[in-house]
Amino acid sequence: IRERLLDDPPLPPPPNVPELDATDPDFARKSVREQLAIHRDHPSFARCHHVMAPLGLGFAHFDAIGRWREKDGKHDIDAAGQLADGRAFDGSTQLISLIETRSAEVSRHFADKLLTYALGRGLEPYDFCAVDEIVERAEAEEYRVSAFVKAVATSQPFMRRRTETKE
């Protein structure tokens, strides 16, 4: 979420961080929230996990393939959390509302990544005006994904891209 959606990648782990012993029977019996609390309390993990864990917990009602669930194994889901800036939420709907306060950043980052993919190359400074235009056009259509795709497909960098020819 932080890296792909908010363009705010976590810091790399510090060197020589020991792994928590996930094979410890007490660890395995704990809920995901309790396991993440151990990460947040461990000095080597705390700097990243106090920021990352709440984002994951906010979406804990969804399993690995996106199905809704009330329990994770035998544990009830607790999807409440607090962002690093102190804003609290209880569940994915409230978390999404908090993320929406950064919609301008999220939209720009999405447009940037979509144009990068479409061009098959990294963006250059001369592409940034096109990114601005893509976001404006998507905003006019309520940020629908189809509006982003259409704006990328009709953008100057995409229309003028060079394609390799086989000889």
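## Terms and model

Buried means under 20% relative accessible area, exposed means over 50%, and partly exposed lies in between (1.4 Å probe, protein chains only). By that scale glutamate 142 is exposed, because its relative accessible area is 60%.

This is a predicted model, in which local features need pLDDT of at least 70 and side-chain atom pairs count only at pLDDT 80 or more, while totals for chains, interfaces and linings use all residues. Residues are numbered from 1 along each chain as its sequence is written, and side-chain values use heavy atoms, with hydrogens and water left out.

Helices (H or I, at least four residues) and strands (E, at least two) are DSSP runs, numbered from the N terminus.

## Helix 6 against helix 7

Helix 6 covers residues 128-140 and helix 7 covers residues 145-153. Their axes come within 8 Å and cross at roughly 140°. Axes here are lines fitted to C-alpha atoms, for helices over the stretch in contact, and angles run from 0 to 180 degrees between N-to-C directions. The crossing of helix 6 and helix 7 is right-handed. A crossing is right-handed if the near helix is turned clockwise from the far one by less than a right angle, and left-handed if anticlockwise.

Helix 6 brings Ile134, Arg137 and Ala138 to the contact. Helix 7 brings Ala147, Phe148, Lys150, Ala151 and Val152. Contact means heavy atoms within 4.5 Å. By class, the residues in this contact are 6 nonpolar, no polar and 2 charged. Ala, Val, Leu, Ile, Met, Phe, Trp, Tyr, Cys and Pro count as nonpolar, Asp, Glu, Lys and Arg as charged, and the others, Gly among them, as polar.

## The loop between helix 6 and helix 7

Glutamate 142 sits in the loop between helix 6 and helix 7. Its phi is near 60°, a positive value in a residue other than glycine.

Tyrosine 143 is found in the loop between helix 6 and helix 7. Phi of tyrosine 143 is near 60°, again positive in a residue other than glycine. Tyrosine 143 counts as partly exposed, because its relative accessibility is 32%.

## Aromatic pairs

Rings of Phe, Tyr and Trp (its six-membered ring) pair if their centres lie within 6.5 Å; planes under 30 degrees apart count as stacked, over 60 as edge-to-face and the rest as tilted. The count comes to 3 aromatic pairs. Phenylalanine 62 and tryptophan 68 form an edge-to-face pair, with ring centres 5.2 Å apart and planes at 85°. Phenylalanine 62 is partly exposed at 31%. Tryptophan 68 is partly exposed at 48%.

Phenylalanine 110 and phenylalanine 148 are edge-to-face too, with centres 4.8 Å apart and planes at 90°. Phenylalanine 110 lies in helix 5 and phenylalanine 148 in helix 7, so the pair ties together parts that are 38 residues apart in sequence. Phenylalanine 110 is partly exposed, with a relative accessible area of 33%. Phenylalanine 148 is buried, at 3%. Phe110, Tyr143 and Phe148 form one aromatic cluster.

Serine 107 lies in helix 5, residues 103-119. It counts as buried, at 7% relative accessibility. Neighbours within four places in sequence aside, serine 107 is in contact with Val135, Tyr143 and Phe148.

Aspartate 127 lies in the loop between helix 5 and helix 6. Aspartate 127 is buried, with a relative accessible area of 2%. With neighbours within four places in sequence left aside, aspartate 127 is in contact with Leu115, Arg121, Gly122 and Pro157.

Helix 2 covers residues 32-41, and its Gln35, Leu36 and His39 are buried. Seen down the axis, the buried residues of helix 2 fall within an arc of 95°, so they line one face of the helix. The arc is that of the directions from the helix axis to the C-beta atoms. An α-helix has 3.6 residues a turn, so residues three or four places apart point the same way.

In helix 4 (residues 92-100), Ser92, Leu95, Leu98 and Ile99 are buried. They cover an arc of only 120° around the axis, which puts them on the same side of helix 4. The face turned away from this buried side carries the exposed residues Thr93 and Glu100.

Valine 32 is in helix 2. Valine 32 is partly exposed, at 37% relative accessibility. The C-alpha atoms of valine 32 and serine 155 are separated by 44 Å, and the two residues are 123 residues apart along the chain.
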